[in-house]
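Colleague: I would like to learn how to read a few features of a protein model, one at a time. Could we look at one together?

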Amino acid sequence: TLPLEHGAHRIGNRTDADMARWRSQRLGQFIHWGLYAIPGGEWKGKTYNGAAEWIRSWKEMPQQEYDNLYKQFNPVNYQPEEWAQQANDMGAKYMIITTKHHDGFCLWPSKYSKYSVAASPWKKDIIGPMVDAYNKKGIDVYLYFSIIDWNQPDWRAALKTPADSIAYQRFKVFVKNQLTELLQRYPTVKGFWFDGTWDDSWKNDGSFSDELEQYLQRLHPGLIIGSRLRADEKGARHFDSNGRLMGDYEQGWERKLPEKSADVHGNDWEGVMTIPENQWGYNARWAGHIKSSNELIEMLVKSASLGGNFVINFGPKSDGTFRTEEVQRMQEISRWMKINGSAIYGGTDAGFAKQDWGYYIRKSGTDSVYMVVCNVPVSGQLRVKLPAQTTLVNVTSLEKNIISGTPELIGKNEYFIHLDHKNQDAPFVILLQTSKDSRDNSGFEKAKT
Ligand SMILES: Cc1ccc([C@@H]2N[C@@H](C)[C@@H](O)[C@H]2O)cc1
């Protein structure tokens, strides 16, 4: 391995209580809210085909006109208590809020930038009441912070001249000041969710990203920061030049999920997902495929089954309300989580052989393994192949009328669980109580005879 000064400083996952709490939460809510919600992907009758929060970069959008949108930021229907209530109903245990996206507009009255809510008709802090409302519901808050800041004259994507380096040096001080300010204003937050760290200026300054991460940890012990903040001294991101994960979890799964256990190498990880194909901020006209609640639930289940967290993104309108499709999905997921949440919270990779019918999730540290069935086989029987020296002690379903009869032993440590032929319109859950046993096949065989 290469001698690295600014690579990963820890091998393996964090074992502290803050990280265990994050790991047990599994379902998060992402909120992208800012000036981009005002145009909502449209401008002067034209539709922007990119992600709505990137409309400032659209050639049809005069940047000065975008930058002046702060004069219209006045979310008269903003009710953070309602936001927190619906997130709590959905079963989200943490929330990530954009304090500042790439456009540089700060949703808190920052001392270090004039480009904030303080300059808008709204005037007031948006972030504080949101953190308080979510924390009051027992939901942890993480702060999304974009390193890229198109509003800051000292921002540079690349350092080409000595003048660039002097400006960028000022910019790094600005970044550190804003992050310190956020921790001082909102001391209950559990971490940062960094974005906008792909440009050369940042990638080629691994030592700064390392020092910044360590500074923030000293300032606020226990902070959880994903791998996207970091570069090592050779410009490697997420994984250092020795292939070791930097940060506290793999933060690269954006609008995509790992397929199998081998894809995540036993690391903590988090997937963030949009409901439409690729819109984070409010976009009036969602084009393309819009994920149903069952699709989102399956992604959540798949994430938990692979030992990761799943965060669903919402883009509130400029007035502070949520669009119908998003409210519908929160309500549908809420119904599912109220019945099946025990399979998700504290869930992790069960280490069982994957089957076509769906996913296994182990309640971490126990012999309880949940089966979440997403694809009901026309045969009506679910194949279960237990690992060696594992026996099946009990089988129950979280809802009534799912299983018919007792499991049928069909081979060494292999069973069919027969389904009651009720048509299912959502994933359903079966709980397997297993036990480590030197003999194979014990358990139900006794019940069978
Ligand atoms: C190419 C690209 C750049 C930035 C993004 C940002 N990351 C997401 C979490 C959103 O904030 C999106 O604007 C997405 C894709």
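Colleague: Is R255 buried or exposed, or something in between?

Modeller: This is a predicted model, in which local features need pLDDT of at least 70, side-chain atom pairs count only at pLDDT 80 or more, and totals for chains, interfaces and linings use all residues. Residues are numbered from 1 along each chain as its sequence is written, and side-chain values use heavy atoms, with hydrogens and water left out. Buried means under 20% relative accessible area, exposed over 50%, and partly exposed in between (1.4 Å probe, protein chains only). R255 has a relative accessible area of 37%, so it is partly exposed.

Colleague: What is the phi of R255?

Modeller: Most residues other than glycine have a negative phi. The phi of R255, however, is positive, near 60 degrees, and R255 sits in the loop between β8 (250-254) and β9 (269-273), where strands are DSSP runs of E, at least two residues long, and helices are runs of H or I, at least four, both numbered from the N terminus. N401, also not a glycine, has a positive phi of about 55 degrees.

Colleague: Which residues touch the most other members of the largest nonpolar core?

Modeller: Nonpolar side chains tend to be buried together in soluble globular proteins. A nonpolar core is a set of buried Ala, Val, Leu, Ile, Met, Phe, Trp, Tyr and Cys residues joined through side-chain atoms within 4.5 Å. The largest one here has 92 residues, and W33, Y134, F192 and L216 touch the most other members. Helix α5 (residues 162-185) gives the most to this core, seven residues.
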